[in-house]
Amino acid sequence: MEKIVLPEIENLHLIDTYVANGGYDTAKSALAKSSDEIIDIVKKSGLRGRGGAAFSTGLKWSFIPKGSGITKYLCINGDESEPGSFKDRQVFEFNPHQLIEGIVITCHAIHAKKAYLYIRGEYHKWIKLMQKALDDAYERGFVGEAMKAKYGTDFSCDIYIHKGAGAYICGEESSLMNSIEGKRGYPRVKPPFPAQVGLWGAPTIINNVETIANIPPIIKKGWEWFSAIGEQKHPGTLLFGVSGHVNKPGVYELPSGTLLTDIIYNYAGGVPGNKKIKCVIPGGSSMPPLRGDQLEGIKMDAESLRAAGSAIGTGGIMVMDEDTDLVKVLARLSKFYYHESCGQCTPCREGTGWMVKLLNRIVRGEGSKSDIDLLVSVASNIEGNTVCALGEAAAWPVRFMITRFRDEFEKQVSDHVKLEVKNKVHSMRATLNPLASVEN
Amino acid sequence: MEFKFSVENQEKIERIIQKYPEKQAAVMPLLYLAQEQHGFISVEAMREISQILEMPETDVLGVVTFYSMFHQKEIGKHHIQVCTNVSCMLRGGMQIFDAVKSKLGINNGEVTSDKLFSLEEVECMGSCGTAPMIAVNEDYFENLSTEKAIEILNSLK
């Protein structure tokens, strides 16, 4: 199977190897094409964003105002902080020049003179690797002012790396822009969307690292080639990061639509001790978990996963065997969202805290039966009531874990637990659905 | 205690500011520089940065408090970060955290009395495929067992 983003070529991270394999030739040919032509190719290729929402990349680009008269920006999202997601670091480490070439082509397509590559702060090593690749590309004239002469064009662009500092929320596109602008990483209210009002108020396109790394091959080999790979509605390969209870965890680049069971059992080597699978989170921690006994036939692409009651997310597959305590898993996940909630919207700031308290109470063996429904109620009151999708990201695991694994929770609660009423969360356990009487 | 950027860092600052159309955007890179130079970010450092970037001191503080990698207090020479998020947890991350905690004799967020170690339970570091992991300052140590984690601590001086 052909690998598009992470081809198996030794030392591809070195500029010499990359150039020897035809690297930066595509940028040259792309720069000879008009911006409309490139957007059209990407649109027809069917490429969809790899950062979670799986939105059509070409369509996103077409939303940006046309022409080179106004300042526009490109942001590349390498914040990669979703638990279970560790694919972008492979691109930084093994194929950084394809990413840089993709950035150059994208800048040309949307007429952006400046691109900011946002990499999470913990990735010190990968930031250094990426900076080295970028310095090499500058030195050879593939990026920056010198590219005019190199490619024989009057277009040039600069690429800067912006280092994050440990905030999951900065993977949200508007929060990422605030972070680049030197502010707290609060998400912005949308609309206006970044394609109209983005970085410093200028039209801005934000794409995931993996998405941009797909651009050079698409331009080089054509949209017909790309759109024929994998599932028609979500074509191309995806970087699947498999973690948890598998024998060979790691990143596997496979065509979209590959069977989930195929990935787990064939590529990732199955479950240690041949244990049964209790639960799989198929797209990074925010996506609804699937039951281990319902994995047969599930294909890994946006449409198939939606039909199966989950979502593709970032393709981070977390496998949990039959001995896993799902209540503990959920308590830990909820702690993550509580920690990472930016605090801007009340439902998320307060709700994530409540969920952690309730779940920890169940883990301690002090949970009552009504706590389970209270959890669902709190989650449902976060969902849809926040500025950004972190609300859903925090609520979905709770809501779906409880709906799909209710027996796991019921095993750990009891009606005989008596807790003194110390605060509102405690007092609310008396009613099954405390907010049922509140209209809207 | 006064804070001034070193001459070398002042040159870096010039170059960093050039990367952005507005000065304020340089606040995170400058905070990193201050932290590198001084070990943590002091009130004086924030004041200095606010003057360089012509932005209110409170906004600098706002940025510092928002991001978990900016430290307002001294941390150990070796800052030990243990991931206990799900992928690591499934492969023994919690046990490693407990072992490190008892080995160092400190709790999450504390510094040993000799200032050699500090401990932080961190959220997902992107090492899910090589879990469990710890990070010592900027370096990742992956595919660990509790024993290996303790060995690493023993090797740090």
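Which residues of H4(B) are buried? The legends below, which describe a predicted model, begin with this view.

**Figure 1. The buried residues of helix H4 of chain B.** Val60(B), Val63(B), Val64(B) and Phe66(B) are the buried residues in H4(B). Their packing partners are H2 and helix H3 (43-52) of chain B. An α-helix has 3.6 residues a turn, so residues three or four places apart point the same way. Glu54(B) has a positive phi of about 50° although it is not a glycine. Because Glu54(B) has 9 C-beta neighbours inside 10 Å, it counts as exposed.

**Figure 2. The side of chain B that touches chain A.** In this interface, 33 residues of chain B are in contact with 43 residues of chain A. Helix H2 (27-38), helix H4 (57-66) and helix H5 (86-89) of chain B each contribute at least two residues to this side of chain B. H2(B) gives the largest share, four residues. Sorted by class, the side of chain B that touches chain A comprises 20 nonpolar, nine polar and four charged residues.

**Figure 3. The two domains of chain B.** Domain 1 of chain B covers residues 7-66, and domain 2 of chain B covers residues 78-155. Taken over C-alpha atoms, the centres of domain 1 of chain B and domain 2 of chain B are separated by 29 Å.

**Figure 4. The domains of chain A, with the contact between domain 1 and domain 3.** Chain A is divided into domain 1 (15-227), domain 2 (237-321) and domain 3 (326-428). The centres of domain 1 of chain A and domain 3 of chain A, taken over C-alpha atoms, are 37 Å apart. Nine residues from domain 1 of chain A and eight residues from domain 3 of chain A form the contact. On the side of domain 1 of chain A that touches domain 3 of chain A, six residues are nonpolar, two are polar and one is charged.

**Figure 5. The packing of helices H15 and H16 of chain A.** Two packed helices are described by the angle between their axes and the distance between the axes. For helix H15 (residues 326-340) of chain A and helix H16 (residues 346-363) of chain A, the axes come within 9 Å and cross at roughly 155°. An angle over 145 degrees counts as roughly antiparallel, and H15(A) and H16(A) are therefore roughly antiparallel to each other. The crossing in which H15(A) passes H16(A) is left-handed. Among the contacting residues are Val327(A), Leu330(A), Ala331(A) and Tyr338(A) of H15(A), together with Met355(A), Val356(A), Leu359(A) and Val363(A) of H16(A). By class, the contact of H15(A) with H16(A) has 10 nonpolar, four polar and two charged residues.

**Figure 6. The crossing of helices H6 and H7 of chain A.** The axes of helix H6 (residues 96-110) of chain A and helix H7 (residues 124-139) of chain A cross at roughly 60° and come within 9 Å. That angle makes H6(A) oblique to H7(A). The crossing of the two helices is right-handed. H6(A) contributes Pro96(A), His97(A) and Ile100(A) to the contact, while H7(A) contributes Leu129(A), Met130(A), Ala133(A), Leu134(A) and Ala137(A). By class, this contact of H6(A) with H7(A) has seven nonpolar, one polar and no charged residues.

**Figure 7. The surroundings of Ile372(A).** Ile372(A) lies in helix H17 (residues 369-382) of chain A. Ile372(A) is partly exposed because 19 other C-beta atoms lie within 10 Å, whereas a buried residue would need 20 or more. Leaving aside neighbours within four places in sequence, Ile372(A) is in contact with Ile402(A), Phe409(A), Glu410(A) and Val413(A).

**Figure 8. Backbone details in chain A.** Most residues other than glycine have a negative phi, and most peptide bonds are trans. The peptide bond from Lys190(A) to Pro191(A) is cis, with omega near -5°. The next peptide bond, from Pro191(A) to Pro192(A), is likewise cis, with omega near 0°. Pro191(A) belongs to the loop between helix H9 (173-180) and strand S4 (204-208) of chain A, and Pro192(A) is found in the loop between H9 and S4 of chain A. Asn11(A), in the segment before helix H1 (15-20) of chain A, has a positive phi of about 60° although it is not a glycine. Asn11(A) is exposed, with 10 other C-beta atoms within 10 Å.

Methods:
Residues numbered from 1 in each chain as written. Chains lettered and ligands numbered in written order. Predicted model: local features only at pLDDT ≥ 70, side-chain atom pairs only at ≥ 80, totals over all residues. Domains from an automatic or database assignment. Contact = placed C-beta atoms within 7 Å. Nonpolar A, V, L, I, M, F, W, Y, C, P; charged D, E, K, R; others polar. Axes fitted to C-alpha atoms, helices over the stretch in contact; angles between N-to-C directions. Parallel < 35°, antiparallel > 145°, perpendicular 65-115°, else oblique. Left-handed = near helix turned anticlockwise from the far one by under 90°. Buried ≥ 20, exposed ≤ 12 C-beta atoms within 10 Å, placed from the backbone.
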